[in-house]
Each structure stands twice: as C-alpha cells, then as structure tokens.
Amino acid sequence: MARSYDAIVIGGGHNGLVHAAYLARAGLDVCVLEARPMVGGATVTEEIFPGFRYSVFSYVVSLMRPEIIRELDLPRHGLTILPLESTLTPLPDGDRLYRDGDHYRSWREIARFSVRDAEAYDDYGRSLFFMARAVKYLLDIVPPDPARLGPRDISGLIGLARHFLGLDPEQLHLLVKLMTMSAADFLDEWFETDVLKATLSASGIIGTFLGPRSPGTAYVLLHHYMGEIDGHFRAWGFARGGTGAVAEAIASAAREAGAEIRTDAPVARVLVRNGRVTGVALASGDEVYGKVVSSSLDPRRTFLDLVEEHELPGELLRAVRAFRFRGSSGKVNLALDAAPDFSCMPGHGPHLRGAVSISPSLDYLERAYDDAKYGDFSKEPYIDVVIPSAIDPGMAPPGKHVMSCFVQYAPYELREGNWDDRREAFGDTVVDTLARYIPNLKDIILHRQVLTPLDIERTTGLSQGNIFQGELSPSQLFFLRPAAGYAKYRTPVRGYYQCGSGTHPGGGIMGAPGKLAAGTVLADLGRGRRRRGR
Amino acid sequence: MLLETPFHRRTGALCHHRRWRNWSGYAAALSYEPSHEYEYYAVRSAAALFDISPLRKYEITGPDAAALVDRIVTRHAADCPEGRVLYSPWCDEAGKLIDDGTVQRLGADAFRITAADPSLRWFQDCALGMDARVRDVSLELAALALQGPTSRDILAGLVTGADIASVPYFGLAEGNVGSVPVTITRTGYTGDLGYEIWVRPEHALALWDALMEAGRGYGIAPAGLDALDVARIEAGLLLKEVDYVSAWTALIESRKSSPYEAGLGWAVQPRPGRDFVGGKALEGEAAQPSKWAFAGLEVDWPRIERRFASVGLPPLVAGRASREPVPIFAAGTQVGFVTSSTFSPILKKYIALATLQRDFARPGDRVDFELTVEFVRHEVPATVVKTPFFDPARKRN
Amino acid sequence: MSAYDAVVVGAGHNALVAAALLAREGWEVLVLERRGVVGGAAATEEVFPGCRVNLAAQDAGLFRREIVADLGLEARGLEWVHPPAVATSLTGGGDALTLWRNPGRTRDEIAHHGPADAARFPDWADYLRSMARVLRVALDHAPPVLQDASARGRLRLLRPLLRAGRVGKRTVVELLRVLPMSARDLLDDWFAGEALKGMLGTTGLLGARQGPSAMGGAFRMVYHATGTEACGFRSSVFVKGGVGVLSEALEAAARSHGAEVRTDAEVESILMEDGVATGVLLAGGEEIRASCVVSGVDPRRTFFGLVGAPRLGPEFNRKVTNIRLSGTTASLHLLLDGLPPLPDAAERLSGHTLVAPDLEYLERAGDDAKYGRCSARPHLDMVVPTLHDPTLAPEGRHLASIQIRYAPWRLRSGSWEDGAIRDALRSSALDVLEEFLPGLRARIVDHRLLTPVDFETELGLTGGDEYHGQMGLDQLLFMRPVPGWGRYRTPVERLFLCGSGTHPGGGVTGGAGRLAAREILRDRKLGARLGGRDQT
C-alpha cells in the first residue's frame, strides 16, 4: 500500500519535526517516518518507572532558536520553557561555588575565592555576550561553499566577511581565540580560581571527546553560551513535561500544518532511480514514495546506511567515513524517594531548581578525560545534574523526584570489556561519585536507568552515541559539516536532503538545521520565500 | 539578597518607610521619611548624614604608589600633597571613562582611591611591573558623609586630635571621635560644605551615635539617596551609569564617553614623561575634539508651569530628580539628550545635565527640552549654563 | 642625532636576518648580543672539550632558501647536509623504522611494517607537500591587519587568499579542515601502523604543550613540512659544522653590508622619549641612540623586560601576560666514544632518531606535562651531528643531542634548581634511550643537561619556550605575538619585533626576521614620504 508524498522526512527527532513543520506550512504534503514508538529521537520524555517521568536523553533546552518557537507557535502547542538559572558546584571539602541570577550574591560568592575573579566574571560574561551575538549570525545562514564559489557562495562569503570584519577587532580576536583555544587556556586569561574555571570549562567539554585542556573546547563553551531565551543569551531552560514536550509541541505544529507522522516506521533505505530520490523502503518492506526525502539522521546513517555506495562520489564517502562521532557521554536517570540533600547546601532550597555541576577542579575534569582517552569510563566523572521535578512537579509524584545525570566521559569504545557487561559498574561509579556530595542519595534511589553511549546509539540511532550527531570541532563545523561541498543540506542524490544536527549549525535542541534545510528544499522546489542572505 | 552596611542597625531603625535601593548589593535608604525634602534642606541649611559605605575603596601603597596612582587617574595625582584629596576620573587605553572617584593621599607612599564599582583587577593590572600594592579595603572601611553648613561645627566639637576648622577644601585629617580613630576628608557629593568620615566597620555604630548626638543642636538629619541626587545635580556632579556609561559596561562603542565629552576635560592633565592610561588617546582628542560635549541646562520653568497649567495640572516634575534620558532639540532636530534633571528647590529652577553636540553646548546656547505633559510631548526652551548650578562660597571657605 | 638607523637587540638567527636585510638597504645597523657568540638558540658552542655542540636548535630544514640566496649565505660558509635518513623511529628491542630521503627506500622500509601504509606513503608525502605549499603562502607574507578598514586594507586582506586560491580552492578548503585537527586524527585517517603514526606525529608536538590528540597538531605537522625537500615528515636538513655556522654566515652577511655586531653587549632597557623608542641602554650604562629599535628577543621579555610594563598600557600588558609561553623541552647532550649499537647506525642515525613508538606513548608523555611534571617515559628526538660533520668532535668520538619532551618549565611541585629533579629527568631519558637503543649508555663519556630553566637563563628564552610562544592556532598570524600587533610593530613607536614570537613563528626559519625587515623598510619609507621626520 504505497502512498506518495511531496516530502518524506526520515526521523522524528526535533530537527526532523521542525523540518517537516516548515515544509508542511509551505503547503507540501509531508510524511515523517520515525523508527521508535514515539517522536522526539533524543528529545523524549518517558515514564520508565511508574509515576516518574525521565527526560531520557537530552535534558535542557537553551539553544532552541526563538524564531522557530515563534513561527511554529510552539507555546500554543504546549511548549513552556521554565528557567534554570543557578549552577551549584559542590566541592569535595564541603565548600561550594553557587551562582544564580542574583548578580551581587554571585559576585560575593566568587569573591570568596578571588575578588579579581569576581570582577573578571562580569567582564567575561560581557565578552561572551559579544561573542554569542557575533556567532549568532552563523546560526541563521546556509554556509557558503568556498570550494565551489557559485554566486550564492560568493555573496554568502562577502556577507560573512562584512559581518566579521565589521566587528570590533578586539571582539574578532577573542572569537579567534574561542575557535582555537582550550577552554582552560581561554579561562586562564580571566580567572585564577580553579573551581570557577573548572565549572565554566565543563560546558566546553559537553558532547566532545576532549578535555578542558584540549584546544577546541573553548568553542563548545560558546556553543553552550548561545542559548537564548527571551532575548537573553546563556539562558538555560527546562521544558515543562520534560524535553519530550518540545518534540511533541513541534509534532503538533507539524500535524496542524498537515504533516503526517508515522511512528514505529523504521526506514531501511532510500530509493534512488537515475540519481534521483523516489522514496524510501521501510524495514517492514513497505515503500513510501516522495519527490523529496530529507534525512534528519546523522551523516553516517544518512549516507552510508540509507543510500547505496555507488550513488555517492568517493570524496563524500571518504569524508563521511572520516567524520568523527566518538560518543563520550552517558546518562543516568534516577527516581528518588525524597529530595537530594547536598552536604554543601543542606536541605531544600532554590539550588535544587538549578543545575548541579560535579566539576570541582580542572584536574578532576582532565583526569576524567584521561581515563576515557585510554578506553575506560571516568573513575570520577564530570556529572551535570538537574532535578526536573524540582522545577516541574509533574515529573514525579508529590514529594518525590527525578534526577537527570549527564555523565562524561563514557567512551563508545571500551578497551576492556563491553558496555553490556559494564553498564551497571558505570552506573555505580556515577552514584558513588554523586553520593560524595549528596550523602542521602543511596538511601533514596527507587529506580535507576543507566544509558551508555552504546544504549544511546541503540535507542536513538545516534552513531557511537554522539549527542551532537558528530563532534563540534572546527574541522566539522560550518561549510565542513558534514563535509566540504555538502554542507548546504543537499546531497549528490537529487531530491535527497540532510536536515539533522550533523549539518550546520550542529547539535543541541536548536532546530536550526531542520529549519535551514527546509529553506533549501523549498527554494529548490521554487516554493521558498526568498529571503535576503539565505 | 541585599547586604546591610555596618550602619544598618541605625539606618534600618530610622528608615520608617522602608524606602531602600540596591546600591552595589547593599540596602541604601532612598529617604528616611516619606519625602526627601526635609533631608535635602538639611544639606543646604543644616547637616545631612549619608551612609556611603557601599563605595569601593582601594589602598595603594609602596615605593611606586604615587607613580601608580598617577598612571591610573587622568589628573596629576603624584603632585597631590600629603593630607590632600583630589577628585579624578580614570580611563581605559582608548581614553574612555571607566569610573571616577576621590584619591586620598595618606602618606608619601600611601593612597586611598574610592570608586563606584569594583576596580581591584584594573588597578592591579595597572600596577604590573611597579613596586606598589593594591588592596581592596572596601569591607574594612565604613563611611559617612556629613554635608551641610553646620557640618564643620558638628565635627569641630566632636573630633579630637585634628583641627577641623583648618581642614581645607579637599583636605584630609586623621583624628578621633571619642576613642574611635577616623579619617576625615573635606569632600562630598553635594556641592556644599561637607566632610566624609572613614572608619573601621566595628566602630561604625559608635561613630553614627556620636555624630547624631553631637549634631542634634545643629539640625542633623539622616538623609538618603533621593536628597543626594538633587544636591549632586545642583552641584553639577556626574553619576556613573547615568550621566556617562563606563567603558566596561557599554555594550556599544557609541555609549562610551571620554572625559572631554563628560565635561571632565579640566581633569585631563597631560604631563610629559608620565603618561597615564588613555593619555595618548586623549591627546588626540584634545587636538581633534569630539562632536559631543557636556552641558548644564536651565529649562524655562515658567513655560513648564504653563504647559502643565494648560491642562489644569500643577508642574508635576517638581518631585524627585529624574534619571530618565530626555531628548534635546535645536530647530526641530535632536542634538543631544539630558541624562539627569531635577527641580532645584533652592534655585527654584528646573536644571539638567546633558550631553549635546558641541555646537549647541556653549553657555548661552538655546535648545529645546522635551517635556511630556499628559502623554503629549512638547518642547520647552532651555539655556546652556555653566555648572555647578549652585555653588555656595562655604563649600570652599 | 642618532648614531644608528637601527639597533637590533639580540643576535639570534631572525635578528641577524633582519639586521642583514636592513644593512643591505644602506642602513646603519648595530646588532647587540648579550652572549659571547651569535646565534641565540641557533648557536653551536664548545660544551665538551674540543666538541662543538648545537645548544638548542639542530635542524635547519625550515630555513627559507630565499634568504640564503638573498644574502649569499652559501658563499659565506653555509653548507647544507642532507643525510640519507630523514628520521628513524626506535620501535623497541633494537628495532627501527627509518624514513629515508630516497622515497623508494622509505616505501620498502614501511612495507615491512605494513604494506597498505607503504602504498599510501607517497600519497601522504604529496598531500603534506600540497598542504605545506598553501600554508607557505600565509607564512611568507606579513599577516593581514584586521583593523584596517580602508578599501586598500581590505584588499590586502584578500591578497593572500587569492594567492592561495591559485593553488586550488579545494586544497585551501582541505587545509582549513585539516589545520585544526589533531595529529592523531589526521594520521588515523591515513595510516594503520602505530610505529609510523607515532613517528610522524612527533612534529605535531613541536612548540606545543599538548600530546598528539590535541587540536592544532596537524597544523604543526604541516608547518614543519614547509621546509625544503620535506617528504612526508620534517625535512631534516642540517648545517655542516653545526647550526651555529648558519648564524655565523648571517653575521658575515650583515657585516659585509656594513652592520656592526657586538657580542657581550647586554641590552638592559629600551630608551624612550614620549612613547617613542630612541635607542637602548646597555648593562654597562652605555647609551646607544638609534632611529629605531628592532628586538629579536621574545615578546614578553621585550615588553616587560626591556620596555617595562609601566610604560605600556594595562590592556596591552594583559595581552602580553596572556601569551602562552611555556617551554616543554629539555636538551641532553652526550659525548660518546662510538656510535650507538644499531645495525647501519651511521646511516639510520643520520637524521632525527626518535623514541616515539606509538601515539599513545606520546599521549602519555604529554599527560605528565599537563599536570606539571616531567614525562615518566619521555619522547626523545636525537640528532648525531658528528654524522653530518665528524670534525665536530675529536676523532673516534660522537656527539648526540637529545631533545627530551616533556619537561615543563613550570613544575607543579619542586623546582629545576633541585638537582634531584634534573637527575631524575636525565635518568628517565637515559633509561628510555637504553631501552630503545640498548648499549648506548656504555658509550657515554660525558653529558650535559639543559632544562627549560637553563634555556631561559642562558639563552634568554622566557619560560624556556624555544618558539617564543606556543605554536597553537590561537597564536598565529595576526594573533602573534599578541592580537592586533601582528605586523612587527608595537605600541612603542619605532620599536619593532623580529623574533620567533612574531609571525610566522618558531623554528630556524628566518621568516620572522625577513618579514620584519620588509615591514620596517616599508614603515620608514612611509615616514619619509610623510616628511622625512625619521632622520632626526
């Protein structure tokens, strides 16, 4: 029973859904095919343990492009983003560094360690604001291709040059530093307090297989600084109902615009005839036809798994094979009988509504990386904890809590043993590490879900469990994401497009790849509203 | 969470109306009574007592202390004699204002600088390669400002170990109030006769009590920021982040100001061979003046009254000082903006501090001040005048 | 009245290049060197009686051949040595893998370890060459000034791009992709053999504190392939008589154009009047006036040591403070009573002899440096200069100069003053060497260790950094020596930089001196056009 659509979107993750929503709103007959029983991909909320709802994988929202929220009218479709405004960094000696929206209190808290750093912190925040504003330009454009230099590429490059050369030179220099330095070196230019540098650098290592002293991590730091909520950069938020609510809101918007979303519909391969896409074959053997097929899967799946090798040029195959994934993170979700009690900030308090970062020192993070570099999970990992139920009571039964622990490093490839055997040992390591700061933790755990990079790959299809669909390293960004000459969402197969995080501007719940790719598809179909600079 | 200053146990008890403002993370009284009028008149006719502890204070010591202070501020600080104070702004390398404050010369190799905002990192970075030490003493010093015509008499009767009557304008003396050691500087933010008294926080309450007691016969009144704001505009004194934006907080280049643009050109004192930070850039600006200049404005008060009267209202702008930016026009074109304005109770005029295009900022120039009456915008004539608007001889004598 | 048109501080190879090129234009130039010999880190001295030893730099393969021709260095005693081996990796148990200057021989050698790698190696050499060719375009021109908003300035910005574009847009794009990569990633894409990757990865460590997994390693690999005759590795070209002969040839060239070179003349500070450099003050109290001062000394020492931070702005000083200067290398010089026992030693040891058995070995060595300690098992890079010129040592003796990596300048615990730390470093290096080159220890007659702190005190290298600033991607082009001051000028008028701390960076390239001289000449011409006030 084959049906034909204008466009088929492979994968119902947030980017696939955003992509579908924009195509449907432009009047296309769109079908989204999702392998799992629910939409969302890595952006899902699941009730793994009765009464407790986990944001299973991705757990915070900050990068979501505000114009997507506006244009798709997501609040009407149920999206509410609650602010997550504090960060608590507990220290092994019982001290802590606590930063929140109270400027003067955060100032005094940092000044306990160093007055100079408290002063520099403001300066740092302002500098990163400038950087985020400078780089934001890139989030909204299709990368020009410097190797092809068609008219669009030339005008794109001129626009880029104009934008960046228009910056204050000091800002431009800072940007170069961000693109090239290690988070630790970059932060050294401002700060002397180890714990401050450590906890700030932590956002530079998220999703990477790099340590805070590895060059390249400063950029990721910025990538996480670009989150924008209500016009404020670096605003972190938590979606009411868990991150799955983001996907559901987008899905609802897409459906309203006429898109059809099929779950439990894994795609086996893309059908190509004479270099042109004709549809997809499902794992079930059914075929679905479409003039356009967009894959929101990562580059490896998009090119190596779904399409026959002979349809693609050698240079693309080589580039995709060399594209680095290297999943480095795991996730531990806990159902708790009571609120966690931190020894550095005992009892209930607003700190439970914020993030808790287990990043007590640069060496701590660096050692965690060293373990992974040699093929083992960190003996003392970096953990980013949020307690969604403290912000959104609907996530757990009254008085009880869910705790989401993002853990790094957990290398996809273990040198000894395999993840199926070592999963629980990994979970124990995480709980043991946390229990050092949360003495009551072990007594209140009702249920534990441990997700290794292998589990992430198995469940969501993300190659090697890389949460960004490929490392965010300068060699894999912008016109190089996923490969030089193929960064404009098109593929060598006519009618076949990419729209996932493996394309510009990359991972995180941002939605920008899905939207930019939709613009490309529509332009190719002659349906696009031509916009300046796109 | 706002902190309490070392005087809070007294000021808190007196601030019946709980009118507080966040001043650098501290709770600071806007006024102790529902209206600040009485407190303002205490400044001009008796003595007003302000808690100015939230100011930042830095101590600079060492063989190169004088050279360092000279490097930081735009004025000739090294030439400031011991026992004297000078007011100066300081700039970044591009010659844009960072902050302003007073520089107290405590000794040959010891200075104290007050600043509106945290500056330790900057001062220390300026000290690189110099034999001088910069210490943040903000928490080690509480401070009160006693301002008004009777302030000298109050202190003269109270302070031992220093001859208050002989402390000159911008002079400094060390003495005691009872058993409490204090530093007294003849400085202030009101443009009137007045003193600032610096004390260790553990003695703060004793100092407060002694002053209030000694001042009772001289009309002393605790006063808050509302009264201070009116007085400082009358005195033509700038407020950071209101009348100029610090180079550190300006989000865009055009928000920054040079001392020349802020009316502080007089405080830029180039000295050969002893370059201060920003000196080179300011040299260039002196040679090629900016198009912006600072100006005091007297707004035609009868016209303001008439505008309000025409809709049946009294002149509703007479209350507190305003920090709302207001556009200034000349022949219908905007030529600048007012940054602070107030009705001056003592001059009975409406006065304002403004940033205007240089061609419209000469004393006597006529411009138009935008006035909104009942949601309708009007233009009211204003005249550029020299500041200070109010400058009593007792301030200096 | 100035006695000189230019006084050049330091007689390192870049300073001598700049001095010679300025003198060639008819300038009155004076070079002042603190030490008794010229060359700086490219000096050859008598370390053991009757032996001439290359103190720090060994390999001069990066030296720009244009300068050699320009200054006629080959007529002034410079003679290149192209040894048969480019590099030999000791792979343990007396085994070795050699990259030969002869590509066919290299291919055969690699084939023993992995036929697939051997087949790819010629492509790799071509690839690296093409990357290096594009990079050379950037390295051989003064970096663009981003602040220059004029149309001409913008055009100048485009010029190198256009030049590079001639090489091929695809190559440029590929270079952009590759430069930020780690040595490990780049090599993993090409080869399977651990020994080969370990060996090739070593150039990715030069001038950096990080191991082969660190981003930017690929850049450093390409950078070191910009020399002449590089075939898949650094070019491995030496100077007969020691690298000091190159410096001496440069000195001779400078003198022949009329420059004066004074050794044992330590500059204490740079004289300034109203923010303009007017000359230098020598340690003895002598003042020397000049129309401009050109410093070959590293930027931090120039600004904080010779100018003095209080004479510069605090914002500029922050930038100087933030220069990542960190020496990570120690040198161990050995006097041997014979060649180390290795089959075909005379051939195999004629290039760089490396202890870098695999990338993980290098990575673990780098880990130690990360935590501020010497590598327990260091990576070693040995050169036997007596194979290039037997006269460097008495008959029957050989010299071996070994670079030990990592030996961080800043130790987290302990101090280089502590003899025990030096001894520990020496013995860990010798232990490793003995393990990979059994029998060497028995041949040692004498030895001398130079730690990063020795480099600092003896050669004036701040932080013991022989590159005058780490060769990270953040310290290149217009970011070198500090952001915004990439064209050899400084906030002090008429004070210029010409050392490795400026673009294009470290290594015995002469590039910085050459480009600096060009910029200085341009600046003065501009001054002359504006009214000739530079001849005051």
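Student: What separation is there between the centres of domain 1 of chain B and domain 2 of chain B, taken over C-alpha atoms?

Tutor: In this predicted model, the centres of domain 1 of chain B and domain 2 of chain B are separated by 26 Å. Domain 1 of chain B covers 8-52 + 141-223, while domain 2 of chain B covers 57-138 + 258-287.

Student: What makes residues of domain 1 of chain B count as in contact with residues of domain 2 of chain B?

Tutor: The criterion is that the C-beta atoms of two residues, placed from the backbone, lie within 7 Å, and therefore six residues of domain 1 of chain B and eight residues of domain 2 of chain B are said to be in contact. On the domain 1 side, these residues divide into three nonpolar, three polar and no charged.

Student: Which element gives the most to the side of chain B that touches chain A?

Tutor: Nine residues of chain B are in contact with eleven residues of chain A, and helix α4 (residues 120-126) of chain B gives the most to the chain B side, with three residues. That side divides into four nonpolar, two polar and three charged residues.

Student: How many residues of domain 1 of chain A are in contact with domain 2 of chain A, and which strand gives the most to that side of domain 1?

Tutor: In chain A, 19 residues of domain 1 are in contact with 20 residues of domain 2. On the domain 1 side, β3 (45-49) and β4 (52-55) of chain A each supply at least two residues, and β4(A) gives the most, with four residues. The residues of this side divide into nine nonpolar, six polar and four charged.

Terms used:
Residues are numbered from 1 along each chain as its sequence is written. Chains are lettered from A and ligands numbered from 1 in the order in which they are written. This is a predicted model: local features need pLDDT of at least 70, side-chain atom pairs count only at pLDDT 80 or more; totals for chains, interfaces and linings use all residues. Domain bounds come from an automatic or database domain assignment. Ala, Val, Leu, Ile, Met, Phe, Trp, Tyr, Cys and Pro count as nonpolar, Asp, Glu, Lys and Arg as charged, and the others, Gly among them, as polar.
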